[in-house]
Amino acid sequence: MDDPFVTQQLRSVIVHSLDTFNYCNAEFAAEHLVASNPLDPDSLYLYTLVLYRQNKFKSAFNRTSSDMAHSHLGCSYIYARSCLHLGKYKEGVHTLVSLSPLYNETATSSSSESRDSSLPWNASPEPEDPAAFFSSPKQRHDYETNRRLYPDSSAVYHLLGDLYKAMGDTTKAALNYSTALKYNAFDFEAFQELARLGADVKVKSIYKPSQRRTSPSPVLEPKSTNTSATTSNATNTNDSAGISNPFATPRLAKNVDISTPRILSASVPDAPLRRPQNDEFIKPPPPQAFGQQQQVPHIQVQSQASKKSHHFSRKPSFAPPNSYTRQGLKRNSSQSFVSETRSPSQKDVDAADLTLRKLYSSLAKVYKCFCRYDCYKAIRLLESMPQHIKGTPWALSKLGRLHFEIVNYKQSRRYFVRLRQADRTRLEDMEYYSTLLWHLQKNVELTYLANEVHDIDSQSPITWCVMGNLFSLTREPDEAIKCFDKAIKLDPQFTYAHTLKGHEYYSSDNYEKALDCFRLSLLLDPRHYNALYGIGMVYINLGELHKADFHFKKAVSINPINVILICCVGMVLEKLGKKSLALKQYDLASKLQPLSALPAFKKASLLFSLQQFDKALEQFELVKELAPNEASVHFLLAQLYNIQNDKYSAIREFTIALNLDPKGNYLIREAMEMLKET
């Protein structure tokens, strides 16, 4: 297209359509933009971005597979994200690593040296730091009105971490996630990924107040040897007509500096600020003419001469809506900014940044403890937070999960109920809530939950895990396995679905298939202790006690406070004849959770077999209080009373056991007859 002004208008139409979720209109305009500028990678980037937003991953992948696209940061980023969805992880990694000078310390250092130190803190001359334009408090504060189309360093390193994780290279994944956090400490998803990988994350070092204008050193594999073509000269981002192009991204070429541009905004734009996914857009206002007060944001192309004559400030406009603002449809409410009458000072921005860092640091400590299964500490940290933080869905779900991990099912259920009241449409962690209801034998609640999540999203793997748990509770293993298969089909990387399927095979005595499911779970997540527990249970039933002992101890090394796992270790030791060691395991479990009936029952049974009847009676009395509806407890207690010649108490306990378990009629009646004969 010969007219650069028309090209700019068409680009603005695309960006505005993306901001307002009008993807069909954006694609229509993008097709014409690419047709008019077939050799312009910036136009191609906008087009493929529209395709990616519509989940047309194959189309975006094909469009960004050319050599021209692979020399452009934006196109390469879309290409790598498409690779992540299509399973082409190595291709995505190779493309991003080959462009590392566009987002690593090379770009940062070259632009930092060009910055005039005499400028005020809120002035932003060009070129500015292209590699970390979200790293300083001021940049984060003004980002809403100075948004960029292109990915920054933190986004690229985060994507590299996702790709390496999908490839199974956890070391490089952890390195890239940590580098993403260095550029953007508020990328909490990168922190969560690091914690889930089992990395030793230093929370204080991540969220300590950062020095302004310092560039973090990246952590990534060595760059390729062909990066010597880049030099320190500035890149020309003007088109052939000499018009400044705010969408231009420099490409790898000789004798040019590598930087990532941004869209300058002189005032609050008039398109609704919305954030549909990870990438954010804004209608790109032009730089403001020197000495002129701009009243209405509009698309204006700056001349080359004026660009060379001065720099422009990035200060956002906080003025109230003028006469051109539509009545009743203000772009931002009065609470959107710190003040509408003055620009924020450096002190205000730094104070806000410090407050946010303290909040993120507290939440990061909670999640770190959560991933390390230091559940009691995580619960204390969450409980000490303000009520409005504890009431968020994220906090409620974590409290529910934490109490679930320590086998405190009743308290866990309370938090999950509160979570459902706060957000009825939330699917995240509902697979664990359904497992909790399975343990509590809450048939009606689980049925209601399964129907509700199916109505919310019938194509979510979590939905089919919930339904599988329901069929498992109703003793329909074949239907349960079909549901778990459906969940795995929707998301082959869903570790918990494989584990639940394995448990279902285990309950059906199909040990071979159960082992296959559990091993597949461990391939997806080596720290998934539930799968190790399942393998241990299979080996116990197969009589391979040493293998069972190995897997149970490995599970305990991951989750050392789970009383079920500790009791399983004790159970194996007991079967191996190491009863004194088994008793120590039961004592440890009882100390960790004094109100849990399982370790008390195991300890009482072992003491009974060791003929330590007084201690056994004391433990059985405790178990009877903790689990009054367990027939086996009353049956063993009756036998203990019989040994101590307390026939009245023995008959009473036998009768209670008979009422609780009519199916055990024959065994209990036989014991009662023997009692009468003596």
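Tutor: Happy to! Let's begin with a term: a polar contact is a pair of N or O atoms within 3.5 Å; within protein, one must be able to donate a hydrogen and the other to accept it. Keep in mind that this is a predicted model.

Student: Okay, which side chain does the side chain of Asp-42 make a polar contact with?

Tutor: The partner is the side chain of Tyr-150, and the distance is 2.8 Å.

Student: And where is Asp-42 placed?

Tutor: Asp-42 belongs to helix α3, which covers residues 41–53.

Student: Is Asp-42 buried or exposed?

Tutor: Asp-42 is buried, because its relative accessibility is 2% and the cut-off for buried is under 20%.

Student: Got it. Zooming out, how many helices and strands does the chain have?

Tutor: There are 34 helices and 0 strands.

Student: What share of the residues count as buried?

Tutor: The chain has 678 residues, and 51% of them count as buried. As for the accessible surface, the total is about 32400 Å², with 52% of that belonging to carbon and sulfur atoms.

Student: New topic: how many aromatic pairs does the structure hold?

Tutor: It holds 22 aromatic pairs. Take Tyr-367 and Phe-370: their ring centres are 5.6 Å apart and their planes meet at 35 degrees, so this pair is tilted.

Student: Why are those two separated by about one helical turn?

Tutor: Because Tyr-367 and Phe-370 are 3 residues apart in helix α15, which spans residues 346–371.

Student: Are they buried or exposed?

Tutor: Tyr-367 is buried, with a relative accessible area of 4%, and Phe-370 also counts as buried, at 9%.

Student: Which residues form a cluster with them?

Tutor: One aromatic cluster contains Tyr-367 and Phe-370 together with Phe-186, Phe-188, Phe-191, Tyr-207, Tyr-360 and Trp-394.

Student: What sits over the ring of Phe-370?

Tutor: That would be the charged end of Lys-398, 5.8 Å from the ring centre. Elsewhere, Arg-401 lies over the face of Tyr-432, 3.7 Å from the centre of that ring.

Student: Last one: which residues does the "repeat: TPR" annotation cover?

Tutor: According to the unreviewed UniProt entry, the annotation covers residues 154–187, 461–494, 495–528, 529–562 and 631–664. In the model, residues 495–528 are 79% helix and 0% strand, with end C-alpha atoms 8 Å apart. Residues 529–562 are 79% helix and 0% strand, and their end C-alpha atoms lie 10 Å apart.

How values were computed
Residues are numbered from 1 along each chain as its sequence is written. This is a predicted model: local features need pLDDT of at least 70, side-chain atom pairs count only at pLDDT 80 or more; totals for chains, interfaces and linings use all residues. Side-chain values use heavy atoms; hydrogens and water are left out. Helices (H or I, at least four residues) and strands (E, at least two) are DSSP runs, numbered from the N terminus. Buried means under 20% relative accessible area, exposed over 50%, partly exposed in between (1.4 Å probe, protein chains only). Rings of Phe, Tyr and Trp (its six-membered ring) pair if their centres lie within 6.5 Å; planes under 30 degrees apart count as stacked, over 60 as edge-to-face and the rest as tilted. A charge sits over a ring if NZ of Lys or CZ of Arg is within 6 Å of the ring centre and within 35 degrees of the ring normal. Accessible areas come from the Shrake-Rupley method with a 1.4 Å probe; for residues, only the protein chains shown count as cover. UniProt positions are given in the numbering used here, feature names are shortened, and annotations may be inferred rather than shown by experiment.
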